[in-house]
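This report describes selected local features of a structure. The sequence and model are shown first.

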Amino acid sequence: MRERAAALPMPRTGVDSALAANPARALLRRFMRNRSAFAGSVLFGLIVLLALVGTRATPYDPVQMDIPNRLAEPGLAHLLGSDHYGRDIFSRLLAGAHLSLLIGLISVSLAVSSGLLLGLPAGYFGGWVDMLVMRVMDLMLSFPSVLLALGIVAIAGPSLFNVMLAVGIASVPSYTRLVRASVLGIRGLPYIEAARALGSAPLRIITRHVIPNILAPLIVLATLGTAGAILTGAALSFLGLGAQQPTPEWGAMLSEARNYMRLGWWLTVFPGLAIAITVLSLNQLGDGLRDLLDPYMRNSP
Amino acid sequence: MSKRSSPNLITRRRFIKIGGTGAVAVLAVACAPAAPAAPTAAPAAPKPTTAPAASGAGKPGGQIRYAMNNEPDSLDPAKTAQASAFNVMMNLYDTLIWQDPVDLKYKSGLAESWESTPDGLTHTFKLRKGVKFHDGTPFNAEAVKANFDRIVDPATKSPQAASKLAAYQSTTVVDEFTAKITLKTQFAAFYDALSQTWLAIASPTAQKKFGDDYGRNPVGTGPMMFKEWVAKDRIVVVKNPDYNWGPPFWNHTGPAYLDQITFVGISENGARLTAFESGEIQVMETVPEGDFDRLKKSGKYQMVVARTPGSPMTIFMNTEKAPFNDINVRKAIMHGLNRTELINAAFFGLYSPADTPIADNTLYHSKKAVGMYPYDMEKAKKYLEDAGWKPGPDGVRVKNGEKLVVDFVDLTTYEPKVVATQALLKPLGITVNVKALDQATRVAMGHKGDGHMFSTALLDSDPGAIQLVYHSRNLGGFDWSRIKDAELDKLLDDQAKEPDTTKRAALLEQAVMKIMENAWSFPIYNFARLFGVSPKVKNFRTHPIGSYPYLYEVSLE
Amino acid sequence: MGTYILKRLLAAIPILIGISALVFFSLKLVPGDPLSAITGDAVIGKEEADRLREQYGLNDALHVQYLSFVGRAIQGDLGRSLQFKRPVIDEIRAQLPATLQLTAAAMVVALTVGLGLGILAAIRPHSLLDGLTMSIAMAGVSFPSFWVGLMLLLIFSLALGWLPATGTEGFERLIMPAATLGFGAAAIIARLTRSSLLEVLQQQYIVTARAKGLSFVKVVFRHALRNALIPVVTIVGLQFGNLLAGAVVIETVFSRQGIGRLLVTAILGRDFPLVQGVILFVASVYVIVNLLVDLSYALIDPRIRYA
């Protein structure tokens, strides 16, 4: 920890010795003072919790039909109403929560790892590796990302997993670029030069020195990226390209709701609200993290 | 459309592809053959589902906008097979004879009287005099000959009309107003065919004049004349002031009441509903079931359920693919899928359940097969167990390491049907994958057998139409259960040729029993067309077969 | 300046080539007989199939196929749609105007609302106005666009009956889709405008101008905005791509004609020639638009030209 603090450039706001002595605690305090970030993280934490609960237990069976109680208004029996098959909306939202989160998690993990795998060598070694990687990334960035994701699903076929894959692949260029730029920023620093001169293996340098210093911007991007991935994934499901019936994925629920808009506003309002709140919390969290980690992001573009 | 079957002597009926393009309209049912020479031991007539015409009063004038759920491809009766086309053409053209919707007998149209030889091969029609096409040219025997010859001409590539004239050989112009039609073989449903708008008489002059474009410039003798067709937007028809030769069962004589009808094709249910509820359109075809209920409860509109005869909406099980190659699994479905629940869940209970291949309002519907497979969960489970499908740890049945999973392919509009089936078969341990696709794709998949369950209904007055989905010659076409049974084939072939109604009824009954015993398909409900009609529209009455309204009778208040 | 233009143009070419290659080869990844990607599910006899294979060059080496694909594409031949049985280019041409209309209207919304909100927020930082406008912006970035569209439909079409729910013609039918689509982009523009303007307002020359007595409004509009907008212009090009992508969903929600809906129909109908054609077309347009934006960027900011 101390080593890290010493390796980092001085934050713009100035440093007092107490801060330098225990940066982790200071970070945490600053985080909690940033109200929106804190709120975002609490909200998101709550959602994760609900998602976990939803995989185990829900008030009603999310796929069980109950025709006599179809299209029930929100009320005591059905907290958020029931749909055209009589399925409880609240239970379905709970049961489908983990799917939206998974879309975010898996696609971003895919993108981050690919970003590291491609960006690190590109930034560190330069040369033809760099050229090759960046050309491919430029090519991928020449498509709007939703289009790229659509194209991938068009080939692979509609399914939730393919949506995760598609969104992940479409996100790779931004992470690669970020990693590469961060690495470039650090590569020139004296202590890195020194390590290389001393003959340390590139891998060791990368893992011990480079990676810890690119974590900050990466975390911010990953958080905001997860929000974006959830939105894109929901959009693809809404179009019918993602989760298939009767899976209670939030985007797919909105798609079904379209046919019954005159019969029940709750079918449209609540799934969308769920997506909105989840994404909002992540965006708040991401913004907060960015403010927080800003000093440590000097090296990012 | 499906591949044409080999040349045949047998009538071919098609379906109405519900909710999609390319449908076959229904044909008028022959209750008793009109040919006086034919024996008439008619089986009990099915109950008509159309009321007699209210007595003639109606104010002339006004116009309506009528929304269908797709735009026709052509208004040339010889060149289209779409239900939406049939609907519009009913106003532009007349047929030689008409079927009375109440007593189901054949009445005069462009033909005043007719007779046939005892062998059923020659039919002579005395035509009405003084009838003119909308372009002023006269209607006569030459016109009849020109139309029919053109239909069977291979160059016309007629998708539907030609199949109605499969037995046609030639027309002889005996004199200006007498046409003699000769058939190649006996054709039990010949008069039925003639009363269908596919065989309506168009102006040969116009056909020659417009050539390939005739479909966009239709000229008939009907109560409405074609005015304009703005592609993907509207088709407008206006009153024919000279019209005076409609069938006797219509609610008045002389020209139609309405001055103008505008047909629009709005494929999106939501859009059609909005247009209807805002008053932009006065008649809406194909109301989504949930909204039908809601609109009816509002009390503001006339909500019409127009039953159609034929073959009920049915689920076909691909007998060439596991698990449905095993009759035990099929029987499990027959007993285990709760029809009433399915109709409630998917269709808000608007349709009546059907459990035999010929609907109960159709000729030759036999009661023998009714109730063969009562809903019985335990029995269904037993069939599956006996077939070797044991419940797995997650509830889904397994056999030799394979899970009992099937793909149900249907039209996007029918997704609720599939989803409800999915939910209802879950307790049986069967997993159904929902594949709701567009019309072209799902029909192609059905033809290829790319899936396990498919579904469609047949709208036809002639029950012989079931051969389209059960005769082996249609394998690769609409035989979606992929049945190849020589005995069934023979029964279906024979009934098409059989003029004696009692014998024909018996043959069809045998065919139906065979189909049911083999559990080749699961009929669900009797198809009906759902209309939303503005309260301003009076005398809205539907054709008994295709359930198209007689817009001639309609007046505005 | 001239060399800059030339350089950018040349840089765009390999991208276009790359896109065409990507689109072409990814279609080869589709499992199944490549012939069915052209003919669909039509039943064909063997001789017919062989003949078609020759005709479409499916027996040639891959790179030969690719070159002829590109050659045809440049001439405007993007194949035939399986579902609509028409040349792909005809379908695109028929659907394009509606999407352009939507995108243009959405861009207008995005710029006016986005710039407006951003400027308002920047001139009174940390005030209630700032908080409010930035909250709206946060909503714009977080709310799924298709949900916003559905909510607008619910309120303005079904509940109040003020606007038609579906269809393409007329201004009335453009309002809600454009507003929905523009909202997301407006949010991004608002946030960027705010931060950029704030930064510029702290610059020395601004402070000097104010010290000299120039009114605040004049300062903002005459001096600050021009420089603050530079980063905004950069993302306009990007936003155009996002608007195109967003059109896919919005056109579906509002049942509007357009390229987006065409693409979705093509994907769901497994109409590969159409999918391929539309993606190629849209991606190419995107590249060209970005090129134009880059060039205009150079016009605005002299610093770029000599980079």
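Where is the place of B:P323 in chain B? B:P323 sits in the loop between β13 (310–317) and α8 (327–336) of chain B. Helices (H or I, at least four residues) and strands (E, at least two) are DSSP runs, numbered from the N terminus.

## Basis of the model

The model is predicted: local features need pLDDT of at least 70, side-chain atom pairs count only at pLDDT 80 or more, and totals for chains, interfaces and linings use all residues. Residues are numbered from 1 along each chain as its sequence is written, while chains are lettered from A and ligands numbered from 1 in the order in which they are written.

## Cis peptide bonds

B:P323 is joined to B:A322 by a cis peptide bond, with omega about 0°. In chain A, a cis peptide bond links A:Q245 and A:P246, with omega about -10°. A:P246 belongs to the loop between α10 (202–238) and α11 (250–257).

## Positive phi values

B:A519, a residue other than glycine, has a positive phi near 50°. The loop between α15 (501–517) and β20 (521–525) of chain B holds B:A519. B:A519 is buried because 23 other C-beta atoms lie within 10 Å; the cut-offs are 20 or more for buried, 12 or fewer for exposed, and partly exposed in between, with C-beta atoms placed from the backbone.

C:H126, also not a glycine, has a positive phi near 65°. C:H126 lies in the loop between α5 (88–123) and α6 (128–142) of chain C, and counts as exposed because it has 8 C-beta neighbours inside 10 Å.

## A helical residue in chain A

A:R56 is part of helix α4 (residues 35–56) and counts as exposed, with 8 C-beta neighbours inside 10 Å. A:R56 and A:T226 are separated by 170 residues in sequence and by 24 Å in space, C-alpha to C-alpha.
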